[in-house]
Amino acid sequence: MKLNTIKKTALWLGVALGCVGCVSLDEDLTGQPTPDKFFGTLTDFNSFITGAYTPLYAIYGSDAPYVATAGGEDVNVYCVVRWRGFEYANVQTVANPDEITDVLWNNSYTSISSCNTLISLVRDNDKLSAEDLEPIAGEARFLRALNYFNMVRWFGEIPVLTEDNQSNAAEEKQSPIEEVYAQIVEDLLEAETLLPNVPSQNGKPSKYAAKALLAKVYLSMAGYPLYLTEHYADARDKAYEVMTDGKSANGFSLENTFLNLWLYDNRYSNSEFIFTLYSSSDNGTGGYINRAIRPTAEGGWADWTSDQRFLNSFPQGDGSRVEGTFYLTFNDGTSWKNADVAEPYVAKLRDGGPKAGGFYGNSVANLADGFYCLLRYADVLLVYAEAANMAEGSPSATAYSAINEVRSRAGLDPLSGLTKDTFDSAVLDERNWELAFECNRWFDLCRRHKVADVIKVYYPDITITDNNYLLPKPTDQLAIMLGVSQNPGY
């Protein structure tokens, strides 16, 4: 797979049309709005914050984050992660790895730039009350933390640009990974005090979205490369707050039917989504991911699929989770085994509304109205199960309850009587099955330092080192951001 002209045009057009106040790092970051120029009403602030969302739509509506987190073997990408420093067998190679990394890097920093500007404007504003502006500031801090959490896991050491140093972006030195995480934690701790208990509208974060994200951040900090294992307890505690107070305030629960999570008609009403991006082709934020994963027989590009080895290892249960995860029989009756790319196709990202052909139909447009769930309740339950077991040295009754709630929906038998290590292995497996194609598996393997162990099962002849854990930084940004150096191995 290679980002072709149609996809690149769709992606960057979406950014250009939908972004309010967005900038890229090769532009002047000093010419931002100031309180005396703009921002006299709450509407002004709410309008500006859209500029922090639009780049995220551009990321998650494209191939980039799914390809960048392929591995383990939930995704079989044509483009093979050559830019991680190794190649899978029997696949094409990426001619220009910057086509992927530019999407991730540039859009993330564009979103961060909008957040920084808004945080500065809130701080300097003397026209509106603190009570009015606190939710906006919390939203900006949440989104900034989300971007940095992705960036540090994709690229490692990066410049931490905030409202205080953004004007020096070109010279700012990259920060050690631990310092990047410190900024993320600071932002999320602040965000959970500023955000409302319940989202103000669909697609906005709440206090419990901040807590859920912070639980995942702490879980990552407890593993490779920081190994700050005291954060297992922090991850457990934050996840528990979502499972108790958050559940009471927002009604979080697992949907009864797994497939219903991924249907366009249910995107606003399901009880499991904690933070979700809702794109619209009408305002320029539509994405093409639904077309990239569809078979050509349904108007798709068949750019990347799952892998039959992953399907073979996937527990069948009552079949409900399989149906919502894999698309195995096309609408003309063709089996995936007889398709042009004879691998299981991805179900979760198919339904981008009518322009995507719904869940079962043919795609009719390059840009559709996708929705991309970045935090959901099942993930929180599994974070709790893993973190509690690691923090306490054995699985508690609450940890068993958390993982078994996820397994029960999939029609799997409950777990019991496991040791710390066997329970830990079971949780990682459950995360692989439950969260497949949601940009989690690669990060789980990295933080647990298991990439080589897992990938070599599928590709025994390749050499994997710790250098493969990070992506290369985009070549053009190395020339623009003078404090940035390339990651080892590239």
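## Strand β2 and its partner

Strand β2 pairs with strand β6 (residues 371-376) in the antiparallel sense, over 5 bridges. Within this pairing, Phe273 stands opposite Arg376 of β6. The structure described here is a predicted model.

## Salt bridges

Across the whole structure, a search finds 31 salt bridges. One of these joins Glu272 to Arg409, with the closest N and O atoms 2.5 Å apart. Glu272 lies in the loop between α8 and β2, whereas Arg409 belongs to helix α13 (residues 397-409), so this pair ties together parts that are 137 residues apart in sequence. Both partners, Glu272 and Arg409, are buried. Glu272 and Arg409 also belong to a network of salt bridges that links them with Arg321, Lys348, Arg376, Arg407, Glu430, Glu434 and Glu438. Arg376, a member of this network, is the residue of β6 that stands opposite Phe273.

Two further salt bridges may be described individually. Arg309 forms one with Asp307, and the closest N and O atoms of this pair are 2.9 Å apart. The two partners fall into separate accessibility classes: Asp307 is buried, with a relative accessible area of 3%, while Arg309 counts as partly exposed because its relative accessibility is 32%. Arg447 forms a salt bridge with Asp444, for which the closest N and O atoms are 3.1 Å apart. These residues are separated by about one helical turn, because they are 3 residues apart in helix α15. Arg447 and Asp444 are both buried.

## The loop between α7 and α8

The loop between α7 (207-221) and α8 (231-250) contains Pro225. The peptide bond that leads from Tyr224 to Pro225 is cis, with omega near 5°.

Tyr227 is placed in the loop between α7 and α8 as well. Although Tyr227 is not a glycine, it has a positive phi of about 55°. Its relative accessibility is 45%, so Tyr227 counts as partly exposed.

## Cys439, between α14 and α15

A positive phi is also found at Cys439, a residue other than glycine, where the value is near 65°. Cys439 is located in the loop between α14 (420-434) and α15 (441-447). Is this residue buried or exposed? Cys439 counts as buried, because its relative accessibility is 14% and the class applies under 20%. Helix α15, at one end of this loop, is the helix that holds the pair Arg447 and Asp444.

Gly300 is found in the loop between α9 (289-292) and β3 (304-305). With a relative accessible area of 9%, Gly300 is buried.

Which residues does Gly300 touch, not counting those up to four places away in sequence? Its contacts are Arg291, Arg294 and Pro295. The C-alpha atom of Gly300 is separated by 9.4 Å from that of Ala356, a residue 56 residues apart from it along the chain.

Key. Residues numbered from 1 in each chain as written. Predicted model: local features only at pLDDT ≥ 70, side-chain atom pairs only at ≥ 80, totals over all residues. Heavy atoms only, no water. Helix = DSSP H or I, 4+ residues; strand = E, 2+ residues; numbered from the N terminus. Buried < 20%, exposed > 50% of the residue type's maximum accessible area, 1.4 Å probe, protein only. Contact = heavy atoms within 4.5 Å. Pairing = 2+ DSSP bridges. Salt bridge = Lys/Arg side-chain N within 4 Å of Asp/Glu carboxyl O.
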